[in-house]
Amino acid sequence: MSWSTLKTEAIVLTSEPFREADRMYTALTPDNGKVSFLGRGARKGKAKLAAHLEPFAIVDIEIVRGKRSTTVISVERIKGFANIRESLDKRLLIQTSLSLLNKHTREHDYDPCLYAELLDWLEFVDSQFSVTPVRATFILGSFALRIMRHLGYDVQLNDCIQCKQKVMPLSFRWHADKGGLVCSDCLSEKPEEWFSARPIREEVVKLLRFARGAGYPDLLKPSLLADDLDAYARIVHDLMVFHLPVDSDVPFWAGVLEDKERQLEQANTEQSA
Ligand SMILES: [Zn+2]
């Protein structure tokens, strides 16, 4: 917060037109968290500046804080992610994840892990694989679970959220509001306290655990059943609604899917493949 000029590595999260000729950007930096700044003339004339401020790259920026606004004065591209830029599905996936990250982080929230996570995520999506909407929903959910963990909203998938004992297979329910699994002992002890806990299948819990803990490349391995993926996506959405500071009605997968039908169709194709 104390800087007046900042030269830093950054990943641009969002950019929108601002007034007649400018653009407003947000970017994540390793040491200064999220910053927002103005690109003067970025919509005309100084196209070079704008071209380097595209979101699928790591850039070096210099920004200056003035009386009225913070402005970018230089940009240099360090690394571009060509595979992301060239694939519409991957662009959609990354755009959705970047705007998700932007929406749920506040400026000057300092968290170096968040930057490292984003870098890992970009490197992964840029690697060689083709992404189906089903797989995109799964891996985007995984990114969301990790982001939530970095922001301090970790979901409890191994121990009971009440008694902290390890939950046994087939003897638990799910409580989105309290953020995790509750064991059958606690359920029967105070049923009135847990009335909104609902059943969750073992397979879905396993999928959630895997999505949160596995290395990104391993997320391409499991076959995804339509029912499990559907339950998984709803749970991740509920967690975001309950536990992230910014509420959103739009499900996280909306950006990568045209509609539900397509999602289910794809799941069935993957299943039979
Ligand atoms: Zn318990």
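Colleague: How many residues has the largest nonpolar core, and which have the most contacts inside it?

Modeller: A note before the answer: this is a predicted model. Its largest nonpolar core has 71 residues. Those with the most contacts inside it are A27, L28, L140, A144, L181 and V236. Helix α5, residues 133–150, gives the largest share of this core, 10 residues.

Colleague: Where does this core lie relative to domain 1 and domain 2?

Modeller: Check which domains give residues to it. Domain 1 (5–80) and domain 2 (132–272) both do, so the core lies between them.

Colleague: What span should α5 have, and how far apart are its end C-alpha atoms?

Modeller: The 18 residues of α5 should then span 26 Å. The end C-alpha atoms are 25 Å apart, which agrees. Just after α5, G152 takes a positive phi of about 90 degrees.

Colleague: What does the same test give for helix α3?

Modeller: Helix α3 covers residues 88–104. Its 17 residues should span 24 Å, and its end C-alpha atoms are 24 Å apart, which agrees.

Colleague: Which residues of α3 are buried, and what do they pack against?

Modeller: The buried ones are K90, L93, I94, T96, S97, L98, L100 and L101. They pack against strands β1 and β2, and against helices α2 (82–86), α4 (112–126) and α5.

Colleague: Now the strands. How do β2 and β3 pair?

Modeller: Look at direction and bridges. β2 and β3 (residues 33–39) pair in the antiparallel sense over seven bridges.

Colleague: How many bridges join β6 to β7?

Modeller: Four bridges join β6 (residues 172–175) to β7 (residues 180–183), and the strands run antiparallel. R173 has V182 in β7 as its bridge partner. This hairpin has four residues between its strands. In the turn, G179 has a positive phi of about 80 degrees.

Colleague: Which phi value does R19 have, and where is this residue found?

Modeller: Phi of R19 is near 50 degrees, a positive value in a residue other than glycine. R19 is found in the loop between β1 (5–18) and β2 (22–29).

Colleague: Is R19 buried or exposed?

Modeller: Count C-beta neighbours again. R19 has 10 other C-beta atoms within 10 Å, so R19 is exposed.

Colleague: And what about L170: which phi, and buried or exposed?

Modeller: Phi of L170 is near 65 degrees, again positive in a residue other than glycine. L170 sits in the loop between α5 and β6. With 8 C-beta neighbours inside 10 Å, L170 counts as exposed.

Colleague: Where is D60 found, and what is it in contact with beyond its neighbours within four places in sequence?

Modeller: D60 is found in strand β4, residues 57–65. Beyond those neighbours, D60 is in contact with E9, E76 and I78. D60 has 14 other C-beta atoms within 10 Å, so this residue is partly exposed. For a sense of distance, D60 and P17 are 43 residues apart in sequence and 21 Å apart in space, C-alpha to C-alpha.

Colleague: Last, the whole chain. What is its radius of gyration, and what would a compact globule have?

Modeller: Start from chain length. With 273 residues, a compact globule would have a radius of gyration near 19 Å. The protein chain has 21 Å, which agrees. Its C-alpha atoms fill a box of roughly 65 × 45 × 30 Å along the principal axes.

Colleague: How many helices and strands does the chain have, and what percentage of residues count as buried?

Modeller: The chain has nine helices and seven strands. Of its 273 residues, 35% count as buried. Among contacts between residues at least 6 apart in sequence, 61% join residues at least 24 apart.

Terms used
Residues are numbered from 1 along each chain as its sequence is written. This is a predicted model: local features need pLDDT of at least 70, side-chain atom pairs count only at pLDDT 80 or more; totals for chains, interfaces and linings use all residues. A nonpolar core is a set of buried Ala, Val, Leu, Ile, Met, Phe, Trp, Tyr and Cys residues joined through C-beta atoms within 7 Å. A residue is buried if 20 or more other C-beta atoms lie within 10 Å of its own, exposed if 12 or fewer, and partly exposed in between; C-beta atoms are placed from the backbone. Helices (H or I, at least four residues) and strands (E, at least two) are DSSP runs, numbered from the N terminus. Domain bounds come from an automatic or database domain assignment. The expected span of a helix is 1.5 Å times one less than its number of residues. The radius of gyration is taken over C-alpha atoms; the globule rule is 2.2 Å times the number of residues to the power 0.38. Two residues are in contact if their C-beta atoms, placed from the backbone, lie within 7 Å. Two strands pair if DSSP finds at least two bridges between them.
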